[in-house]
Amino acid sequence: MLRAAWLGHWKAPWGLDRGRRWGDPAWALAAISQAWLLGGREGRWPRLSLEGRWPQGPRVAIAPAEFDPRPLATWVAQLRHGSARAAADRRGAREDEALAWAWEALLAGDGAPWMAAGSLLLDLPTRLRWVAVLGVVTMDGTLCLPPYLEDLVPESLRKLPRGWWEFLLRAQDAEGRLLPEGDLDPSLPWPLLQPLAQALTLPNPPGGQEAWPQAPWWCQRNGFGGVLDPRLRAWSRGWGASAKGLLPLLPATLALAASPDATLGALLQMQVPPGLPDAWRASLSADFQELLTPPPLPAPSGNPTLDRLRMRWGGEEAPPAPGYPPWGTRAHPCADPFHWMAQGRCHSLASNPEAALRAFTLAHGHFQRLRASAWAQRAASNAATMALAWADLPAYRRWSALRGPLPPHWLALEAAYLSELYAEPDQAQSQFLALVAAFPDFAPAWEALASFGANQERWDLVRQALPHCQGRPLAVFLEAALGPPDRLDRPAPDGTEPETRVTWEAHRLLRGKGDAPRFWQAWEACPNQFLRLDLGLRVLERRLDLREVGRLLALQAIADRAASPGHLQRLAALWPKAGGTPEQGPRELLGIWLAQQPCPHWLAWPEGQGMGTLGAGEAPPEGALGRLVQEGTLAPFRAGAWIWQGHALFWEGSPVGGLLQALPADAPPAPPVTPRLLAPWVARLRQAAPILTFPETGLLLTDGSEPMAALLRELDRVAPSDLPVLLLGPTGSGKELAAREVHQRSGRSGPLVAVNCSAFAESLLESELFGHTKGAFTGANQDRRGAIEAARGGTLFLDEVADLSPRLQSLLLRVLQEREIRRVGSDHAVKVDVRFAAATHRPLEELAESGAFRRDLFFRLQGAVVRLPPLCARRHEFPFLLPRLAVRAAEATKRPVPALAPGLPQALARLPWPGNVRELLHALERAILRCEDGLLKPRHFPELETPMPEDRTWEDATHAFQRRLLLDTLQACRFRVAEA
C-alpha cells in the first residue's frame, strides 16, 4: 500500500507551481508520474479518476481498481490536449520531438520516455521541490519516486524507519524547513542535538558516543553517516525533503541538471576551456572545426562529461557515474546531452537507427535547455540522418529545419534519395545523374547512383558508376552483378555488410537462384529501412508464394512511417481484399444500373463545396449537371440527338440529388418512376458517418463566408483596443460568444465576467456589479467583490444592458468615465482596469431617442458597435453548422452523434428560425431524442411539417380561401359541377 499527498493521505507542503491546467506538459508529467507509481512502471496502467486542484496539481480521486497494459486513449487525450474527446494521437502545435515521442510511446504503454522528459521540462530546483509533492511512501517506510526524481535522493537514504519519510514530505513550511508536532521528549540530550539538527544527514553520530547509533532517534546509513529523527530535527527547524535539504547530498554533475562549471560552460559554447591538457585542447579544437583528420585520442580525464565526449572521437565507453544510466539504456532522465550524443553514436554504429534517433532527440532537448545552440544543431543534424535511415520522413523534415548548414554535396545527396521515394523513376534518375555531374569526386554519390541503377535493373547506370565505387561496400555486389552469371548465383560472401548482403540476396531470389530464408534473414538485419521497403516490395510483387501477412505488416509499418505514396500504393495492391465476394455498395450498384440503360443517364448531387457525378453513355451538355444540382429540376431541352430532362431525387422529404435523363425524340412520354427508385440509393451513397471532432473554428461557428466573415474581421479589428464594445443582434444569435471572442483576441490577462442585467432586481444587481461591504444591508455578512472588480484586467460582459434602471445607468456611466467604483456601503473608491462589452436584442438607439436609456451612456458604450446577423441571413451555412451543432446536441442529450440524412441541412435552412442558433440547437436536441436508428432525418423535425407563414396580400388570402372552398365543395359533391 502506498501513501502520498496526491492520494489524499496528507496535504502537500506546496503546489507544483507548473501547469495548472489539463493540456500543459508539466501538468501531464505529474499525472503520468502518479500513474507510473501506481503500476505503470510494471506495465499495469491504472484507470485513474483525477481531480485538477490548482495549484496542488492533479490528485487521484478514487484508488484505482482496474488496470490495462496501456493507458486509456481518452485519459491520454485529456492530458495532451485538455479534452478527452480529442484524438489522443494528434500531435500538439507546440510539441517538440522529445514530447511527441513521449506521447507516442505512452499510447503504446511505454512511460519511460515521459520519465526521461522530466529532466527536460523541469530545472533542478523545481525537480527538488517536486520530491515532496510526488513522493510516495510504502508501508515499511521506503520512499518511491518517478525516475526523473529518483537520483535526487541517494539510494541508501530511501529506506528509513517507518513514519520518517512521511514527516519529511509533509511537515514543511514554504521555505522547506520542518514544522514541529507534539511535545519534545525532555529525556533527550537536546542541547547536544540541537546544533546538529539542521542538515538532513550527519557524517557521524552526535557526540561520538558509541551507544547512540542504537538509539531509536538515529538511523545509520552507508555513505552518509546517519539520519537524525526528523521529528526531533523539526524543533530546530531543520531542512525537510526540500531543495535546500537535498541539494547538499547531490554530486554537481551535468547528469543531474546541475549548473555547468567553467569548463563545461566553455565547452557548451564551443570554446576550448583553459587548463586542459594539450592533447584534450587539440582534440576539442579539431572537433569544433570538424576536421576530417583528428589528432591522436587523449587519455581519459575522469570527468564523466568529457569522457563521453571522448567516445565521439572513437574512445572506449566511459565508466559508470552517479546520475548516468548503463550504456544501451533507451530512455533515462540523465540530463547530460554529451551522454546521449555518445549513446546515439553507439546505436548508429550498431545499425540501430531508431534507438540512435531517440538518443539524439534527448541530446537536442538538453542542449536547448542549456542554450547551447551550436551543439543543438549538431544533435538535430544527427537526428535528421537517423530519421532518414529509419524511414521516418515527417521526422526527417522536422529535424532538417532545426539542424545547422550542411555541405552542398550532402544536401544534394539527400535530395536525390528523396526523389527516389517520391518522384517517378525517370525524374529520380535525372537527379542522381545531376548529382554525380556536380560532384564527380564524391564517392557516396556514385554509390547512390549504382544502388539506384541496381534497384531499377538499369545495368548501364551500374557500369557507369562502378569505377567510382571501388573500395565502397557496395562494390562487391556491383562486380558480381556485372560479372559472369554464375557469380551472383552464389550466396553473398561472409563478412559482407548488411545493406550489400540484402541487395545481393534479393537479386539472387529475383533471378530464381536464391534462398528465401537467407533473403529474409538478411532483410531483418538490414538497418536501411528504405532499402528494406523497396527490396521487400519487389520480392513480394514477383514471388506470390512468399506473401505472408506478417511480412506485409512489417512492410506496412515502414511505408506508413515513411508516408511514401508510391510505396503505399504498391503495398495496397499486395494486401488481399476483404472477403472473396464483398457486398457491393451503392456506387457500384448504381454504376451497374446506369451501364444497362439504353439511353444516357447521369446522376449528380452536392458534395462538399463541389458536385459528385455518376453516369453512363454520352456526356450531357456542359453545365447541365451543375444547373440540375442548383435548381433541382431541368425542363426538357434538345441537345444533339437527345432530348434531356432533369428530375429531382427526394428521399424522406429531403432533396438528395438529381437525375439527368436522355430520351430519343420518338420515345412516348411517361411518368418518371425511375427517380423514385434511384433516390434511396443516392441517399445511401451520400450518407456519411458522424464526425466527432472538427478543426478549431473559434467560439462563433462559421464557414468563413459572409456575413460572419465580416463580423470576425470586425472582432479582430476592435479586440486589441480598450474601447467598449456594443453587441447588437436578435436573441440567440451568439452575442455572449462574440463577447468571449473579443476577450480571447484582446490578449487581456484577466477573466471574462458575464452579468445578465435582466436576471436581478435593481438592489441585487447593484451589489452584483459593484460589490458591498459588511453590514451595508440586511444579509450582508461579509465584504464581497462585485463583478466589475472580479473582471479586473479582463472584460466585463453586460448582457441585456437595456434593462438597467436609470440609477444603475448613472452609476455605470461614472465607472466608464472615471474607471473607479464604490462598493455598496463604502466611501472608498477603487480603481479598476476593465474592458466593457455590452449586448442587447432591443433597439438601443430608439430607446436612447425616447429617453428610456441614457444617451450619454449609449454613446459611451458604442466605442465599437458589432451587429450579429440572424440565422435566417446564414442559410448558406447550414451544411457547415448542422454537423457541429449535432455534436453539441448529442452531448447535451447524452446520445451518440447521429449521421445526417442527405438534404437535411437544406430542408432546415428553409425555416425562419426566429430564435436563431439557440432555437436550432434545441430543435436538434429534441430530434436526437426521437432518432432511433442512428440517422437523423427530416421526419424527426416536426417543425418541417408545420406550414411556414407566408407574406400575402388581402387579395391573395381571399383568392386562396375561395379556391380552397371550391375544392372542398367539389370533393364533397364527388366533382358533380352542377350540384357543387
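**Reading a predicted protein chain**

Guide: This is a predicted model. The protein chain has 42 helices and 25 strands.

Visitor: How do you know whether the protein chain is spread out or a compact globule?

Guide: Compare two values. The radius of gyration is 38 Å. The globule rule gives 30 Å for 980 residues.

Visitor: Why is His567 called buried?

Guide: Buried means under 20% relative accessible area. His567 has 6%, so it is buried. This residue is found in helix α28, which covers residues 565–574.

Visitor: What makes Leu421 a contact of His567?

Guide: Contact means heavy atoms within 4.5 Å. Leaving aside neighbours within four places in sequence, His567 is in contact with Leu421, Leu533, Asp534 and Leu537.

Visitor: What share of the 980 residues is buried?

Guide: Buried residues make up 48% of them. The accessible surface of the protein chain comes to about 47,400 Å². Carbon and sulfur atoms account for 53% of that surface.

Visitor: Among contacts between residues at least 6 apart in sequence, what share joins residues at least 24 apart?

Guide: The share is 60%.

Visitor: How many side chains are positive, and how many negative?

Guide: There are 105 positive and 103 negative side chains. Lys and Arg count as positive, Asp and Glu as negative. The centres of the two sets lie 2 Å apart.

Terms used: Residues are numbered from 1 along each chain as its sequence is written. This is a predicted model: local features need pLDDT of at least 70, side-chain atom pairs count only at pLDDT 80 or more; totals for chains, interfaces and linings use all residues. Side-chain values use heavy atoms; hydrogens and water are left out. Helices (H or I, at least four residues) and strands (E, at least two) are DSSP runs, numbered from the N terminus. The radius of gyration is taken over C-alpha atoms; the globule rule is 2.2 Å times the number of residues to the power 0.38. Buried means under 20% relative accessible area, exposed over 50%, partly exposed in between (1.4 Å probe, protein chains only). Accessible areas come from the Shrake-Rupley method with a 1.4 Å probe; for residues, only the protein chains shown count as cover. The place of a charge is taken as NZ of Lys, CZ of Arg, CG of Asp or CD of Glu.
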